[in-house]
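Student: Could you take me through the ligand site up close? I'd like to know what lines it and what touches it.

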Amino acid sequence: MSPVLRIAVPSPLRDCLDYLPGDAPHLPEPGTRVRVPLGRRSVVGVVTEIADSSHLPRERLRPIQAVIDASPLLPSDLLALARWIADYYQAPPGEVFALCLPPAMRRGQAAIPPAGERVWTLSAAGRQMDPDSLTRAPARRRALETLGAASAPLTAQALSAAGVRPEILRGLLKAGLVEVGERDPDAPDPSTRDLEAAPEPTAEQRSAAAAILDASGGFAAFLLDGVTGSGKTEVYFRVMQRVLDAGRQVLLLVPEIGLTPQTLARLRARFAVPLAVLHSGLGATARLRAWEAAAAGAARIIVGTRSAVLAPAPELGLVIVDEEHDESYKQQDGVRYSARDVAVKRAAERAVPVLLGSATPSLESLHNAETGRYRRLVLSERAGGAVTPTHRLIDLRRHACTGALADAALDAMEARFAAGEQVLVFLNRRGYAPVFMCHGCGWIAECPRCDARLTLHQNPAALQCHHCGRREAPPSRCPACGDPEPMPMGAGTQRTEVTLTTRFPEVPVLRIDRDAVRSGARMARLFDQAQRGEPAILLGTQMLTKGHHFPAVTLVVVVDADAGLFSTDFRAGERLAQQLVQVAGRAGRADRPGTVLIQTRHPDDPRLTALIEQGYGAFAAQVLAERRELGLPPFGRLALLRAEALVEADLFAFLEEAAAVLGQTATGVLVLGPVPAPMMRRAGRFRGQLLLQAPRRAPLHACVQRALPELDALRSGRRIRWSLDVDPLDMF
Ligand code: ADP
Ligand code: ZN
Ligand code: ZN
């Protein structure tokens, strides 16, 4: 009897579907794309498994319509990784496989041969070598003879056909006997570029890199815990260099906002190897090209954001996750995976080292380092002699303010400008004012579709909802009592810009937030202006806090530290600390010492004082102790069932039933809720949730897996949108 093909189809189905091979010329192997009927449509699916039998009777199975790829498009390691993601995150396999392929390939476009193919030749030393001296290493001898006899460089495929295995080539490469290049007549020869020399490493950099290189024989996870400006990148580069020299590929993940032209320029300046860049902002063709270059091994460095963790890399030798604490690594919709955690899994499967770097490691990673799962490497000092900034709190209850800024902060700024220096003002609130209010009756402009206030924006004037995107014209009279001129209260970045230009008319304000900076080009211009180093104010939201270096900044003002102190989300404190440390890290990078002023109404908050007096490590230890008490991650595991509905009663009817279903299967799992989401109404929908908490992953996983089919079948679920988030980051 013919075998059954288990195929991941693009749909939210929880399982793969079984098909028959039909009259396919050959049995498509796992990883091959096929065209299959799905309902009345014809879709592109990926064969995940060849099975002997199906749980369905054979006559109910439909045959596939066509085989798209002559050989598997997805290598077996990615197939296994995709299956693991589907299982771990309880995600539909079709959606996971879609993540593994560039859009053009999801649509069924044929794979085209890669532009740059890797080719091998003898090096000068290899040409001088007498093959007879290698009688005791016959495999090496055959490789050298084959290459010596060839009139042109050979591909790995051609060499493999001649009996030369890739690991032999890598060994020879290490020994300097062969060279590897790229066959691509159109591409400029990267080896002719002028490369930047590596700086002399600090002692800490040297020993961190050495520790990682020593472990390069197999899987090992490292947490590179280095203060901002300590030169983590230099450690990455040193390790990368060795891995590249050994003929392996490097996968480098960066946060969404970290993949700037500067990052790429830095990579290109240091490495003469072909680079593939992968992120969601690329056009379909560019994505396809980059993916193919990675798959063919032509790209030696694969750099990208979250989804690049699923890029093919046949010769993978190292995985790096830069700014591993960054929340953009967690996908917040669809397949809710954490690219950081998947990166560690991938490295383990491929038996290569993985390096997680941050100045503010996530508490999960710190815990993994404490329990010995990761090895922690510390860079405690700034590279290049820069000094660590000093921190001071400004108690807003005791200081006069102009706008959102304490006069003490403004005076400190003035002194910096007089010294020809720059100042960074961090305010994570865009718009003009977060509240628009009538002083006659207390009316406040609220979004009719969300439980949220509207933010006033200027140029053009509008009341905007930051949660659903709604915009309306600000009323000139109070809609409740008719009083003229409702007033803005509080300050966002736009209003603070006005405060600053009024006070310092001669100093340019470079505002950096989502309204002011919509393109990478604009960001690059502002960045260039800041790099010139003349007095300026960099004013912005968290867009400013990530990855950029502003060497002329010597003072950082954090306008409002309090929002993160009082949140229902147990991760808010961790996030605030990361933000404060990251923004402080922009100051005093070069030879000039920096100062950080933090405005707060709660200068005695123990978390703030721990952070400021003892640093991130002490803060983290304190928060970890709290989490241990409460069984919260990283000490316990969570899954969040989020639901939303147009009618509030429907929402809770479903959540009650879901809680009952989960309660039945929950051995060793706490089912908490239903509770309304912290912002219950958003974009016209009511939102609520159930939280599952367990001391370990296995019972949580078992509970969810058993309950899901029943949850899918609940009638009350039909008018509801719901989803499950394993290891959620946001608690709504
Ligand atoms: P991090 O990512 O840890 O915040 P970077 O890697 O960006 O820090 O390095 C901060 C600055 O220090 C950069 O300007 C970098 O060029 C410089 N730097 C790094 N290592 C060295 C070194 N060994 N000697 C001199 N300068 C260095
Ligand atoms: Zn009023
Ligand atoms: Zn809204």
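Tutor: Here is a walk around the site of ligand 1.

This is a predicted model, so local features need pLDDT of at least 70 and side-chain atom pairs count only at pLDDT 80 or more, while totals for chains, interfaces and linings use all residues. Residues are numbered from 1 along each chain as its sequence is written, chains are lettered from A and ligands numbered from 1 in the order in which they are written, and side-chain values use heavy atoms, with hydrogens and water left out.

There are 18 residues around ligand 1, and those that come nearest are Glu-200, Gln-205, Gly-229, Lys-232 and His-549. (A residue is near a molecule if one of its heavy atoms lies within 4 Å of it.) By class, you get nine polar, five charged and four nonpolar residues in that shell; Ala, Val, Leu, Ile, Met, Phe, Trp, Tyr, Cys and Pro count as nonpolar, Asp, Glu, Lys and Arg as charged, and the others, Gly among them, as polar.

Helix 9, residues 232-245, gives the most to the shell, with three residues. (Helices here are DSSP runs of H or I, at least four residues, numbered from the N terminus.)

Now the atom pairs. A polar side-chain atom of Lys-232 sits 2.8 Å from an oxygen atom of ligand 1. For Gly-229, a backbone N or O atom lies 2.6 Å from a ligand 1 oxygen, and for Ser-230 a backbone N or O atom is 3.4 Å from one. Taken alone, ligand 1 exposes 560 Å², and the protein buries 73% of that, with areas from the Shrake-Rupley method and a 1.4 Å probe.

Technical notes:
A polar contact is a pair of N or O atoms within 3.5 Å; within protein, one must be able to donate a hydrogen and the other to accept it, and residues adjacent in sequence count only if both atoms are side-chain atoms. Helices (H or I, at least four residues) and strands (E, at least two) are DSSP runs, numbered from the N terminus.
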